[in-house]
Amino acid sequence: MQKIPVTVAYGDGIGPEIMEATLRIMEAAGAQLDTEVVEIGEKVYRSGHTSGIKPEAWDSLRRTKVFLKAPITTPQGGGYKSLNVTVRKTMGLFANIRPCRALHPFVPSKHPLMDLVVIRENEEDLYAGIEHQQTTDVTQCLKLITRPGCERIVRYAFEYARTYGRKKVTCMIKDNIMKITDGLFHSVFKEIGQEYPDIEQESKIIDIGSALLADRPQNFDVVVTTNLYGDVISDITAQIAGSVGLAGSSNIGEHLAMFEAIHGSAPDIAGQGIANPSGLLNGALLMLAHIGQGDIADKIQNAWLRTLEDGIHTGDIYEEGVSQERVGTQGFADAVIARLDQAPQTLKANSFAGSKPIAIPGYEREKKEKTLVGCDVFVDWQGDSADEIGQKLESLTGPDIKLKMITNRGVKVYPNGFPETFCTDHWRCRFISAKAEKLDDGWKYPVLNFKQVLELQNRLNDGQVDVIKTENLYEFDGERAFSLGQGE
Ligand code: NAD
């Protein structure tokens with residue numbers, strides 16, 4: 001078998017110890033790897049590289065396209081950027097995959113049958129990091145959900161299920177509230193799901209979905225979701241599996257993939273030779289599957305499960321009555337190596353054999369007719385009477401445009417607001433064509449041109465209205481593409 005080039009980083013804290021153990025096990029199992037070592041982490045940060053990675057490491061990553069990374073210590077204090085976020089964003093690692101399974105009774109769990117995988121979109125959503133303070137009272141964070149982003153992650157989840165013999169994919173969203181953003185994720189899930197009739201499919205609103213996940217995780221198989229929800233639920237699932245220290249994860253992009261343990265560098269036990277290498281080993285199994293060495297991954301997984309069954313445990317999972325022998329990091333690795341031809345007797349292995357990198361087709365943008373039908377002008381206004389600002393704006397609208405409504409934190413306060421509604425200094429003022437008509441089933445919005453929007457802004461500015469920003473309102477193929485205010 002041809003050797004596959006892999007970039008390896010030993011990291012900080014317990015990183016070097018668990019990396020050594022992991023590489024030893026892989027070598028003994030016959031993994032065909034050509035490793036290139038790069039330096040990342042605390043020393044690199046302190047030498048003036050604010051992302052914790054040296055420029056030459058990028059060359060190695062570009063060459064090998066596969067990164068096995070031990071945990072690092074991120075120095076506290078200003079100016080240091082998370083290495084993980086930097087690699088994830090720079091290299092376009094759009095999918096985060098975190099398998100979480102119970103190893104009961106060898107590692108006690110309240111959910112002995114759980115065995116699921118969280119597949120989380122990794123680049124968009126509220127994590128695009130676009131935040132502003134707009135008024136004294138109000139801050140905002142932009143939630144970006146894109147069609148190519150949704151298509152890639154949803155297809156990845158279905159392909160993952162097929163490749164690894166998983167039976168069901170659950171989509172988790174909050175589209176009863178965020179109808180446009182989470183609604184897009186959900187509709188892409190339903191669209192792409194039609195291409196996978198062999199896989200059971202369901203959707204859950206994230207609140208009840210996470211409650212069920214925490215209570216009955218054995219009912220889930222693959223869960224696909226957006227960035228923020230995925231961040232939260234993947235920590236919950238790792239925790240309730242009873243094995244935070246044992247789980248690995250992968251970050252997959254079109255060009256590169258990164259594999260690691262989910263835990264950190266554990267400085268409290270570094271250098272003592274007692275760390276559990278299982279988290280990084282599980283990350284490495286995902287890597288072997290990714291590079292087409294799934295049979296080697298299976299062999300190691302079998303030996304690892306057998307070692308746990310035999311009660312050979314590191315201190316973090318050692319329990320009197322369950323464990324047989326307390327071992328250190330290298331002792332554990334030796335025990336796994338000694339069992340490389342054995343299979344578990346109770347625990348079920350998840351086979352990686354026959355796996356191959358999951359290829360996602362390129363994105364094809366659909367042509368849509370986009371028309372401008374209005375604008376939301378956000379205004380900083382320190383008064384507290386909605387009628388007062390409403391009347392002022394009405395007097396500045398001009399001949400082509402009318403004020404449809406004003407909301408404060410999304411609730412309609414003008415016209416005909418409730419005096420009980422609490423108002424901040426941040427007013428969203430919706431303008432549409434003066435010729436717009438209310439029909440039985442909604443509104444008919446005549447088209448505006450951008451010049452009319454600019455003229456409106458000029459009139460507002462001349463009238464001493466403090467405009468924070470303007471958001472254009474569009475229809476795509478005649479469909480309204482903006483949300484309505486509460487009570488609009
Ligand atoms: P941690 O995961 O390093 O440690 C939490 C606890 O779990 C500690 O008591 C530790 O001893 C124990 N633990 C963790 N891994 C273990 C293992 N393999 N075997 C036995 N025990 C283990 O989390 P932390 O203490 O919050 O963070 C330490 C450092 O790691 C910080 O600098 C943090 O920024 C960094 N970190 C890095 C990554 C990464 O590189 N991907 C992830 C998380 C945290």
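**Cavities, a ligand site and a pocket**

Me: What volume does the largest cavity have?
Reply: This is a predicted model, where local features need pLDDT of at least 70, side-chain atom pairs count only at pLDDT 80 or more, and totals for chains, interfaces and linings use all residues. Residues are numbered from 1 along each chain as its sequence is written, and side-chain values use heavy atoms, with hydrogens and water left out. A cavity is a set of points on a 1 Å grid over the protein atoms alone where a 1.4 Å probe fits but cannot get out, and a volume is the space filled by probe spheres set on points joined across faces, edges and corners. For the largest cavity that volume is about 290 Å³.

Me: Which elements each supply at least two residues of the lining of the largest cavity?
Reply: Lining residues have an atom within 4 Å of a point; among the 19 here, Pro-99, Arg-101, Asn-282, Gln-301 and Asn-350 are the closest to the centre. Elements are DSSP runs numbered from the N terminus: helices (H or I, at least four residues) and strands (E, at least two). Those supplying at least two residues each are β4 (95–101), α9 (278–290) and α10 (294–309).

Me: How much space lies in the second largest cavity?
Reply: Its lining includes Tyr-156, Tyr-160 and Tyr-164, and α5 (147–163), β11 (248–252) and α9 each give at least two residues. The space in this second largest cavity is about 90 Å³.

Me: What percentage of the ligand's accessible area does the protein cover?
Reply: A polar contact is a pair of N or O atoms within 3.5 Å; a backbone N or O atom of Gly-264 lies 2.7 Å from a ligand oxygen atom. A polar side-chain atom of His-263 is 3.1 Å from a ligand nitrogen atom, and a side-chain N or O atom of Glu-260 is 3.3 Å from a nitrogen atom of the ligand. Of the 810 Å² that the ligand has on its own (Shrake-Rupley method, 1.4 Å probe), the protein covers 63%.

Me: Which element gives the largest share of the lining of the second largest pocket?
Reply: Of its 24 lining residues, the closest to the centre are Lys-69, Asn-84, Glu-260, Ala-261 and Ile-262. Elements giving two or more residues include β4, α8 (227–240) and β12 (257–261). The largest share, 4 residues, comes from α4.

Key:
On a 1 Å grid over the protein atoms alone, a cavity is a set of points where a 1.4 Å probe fits but cannot get out, and a pocket is an open set with protein on both sides within 12 Å along at least five of seven lines; lining residues have an atom within 4 Å of a point. A polar contact is a pair of N or O atoms within 3.5 Å; within protein, one must be able to donate a hydrogen and the other to accept it, and residues adjacent in sequence count only if both atoms are side-chain atoms.
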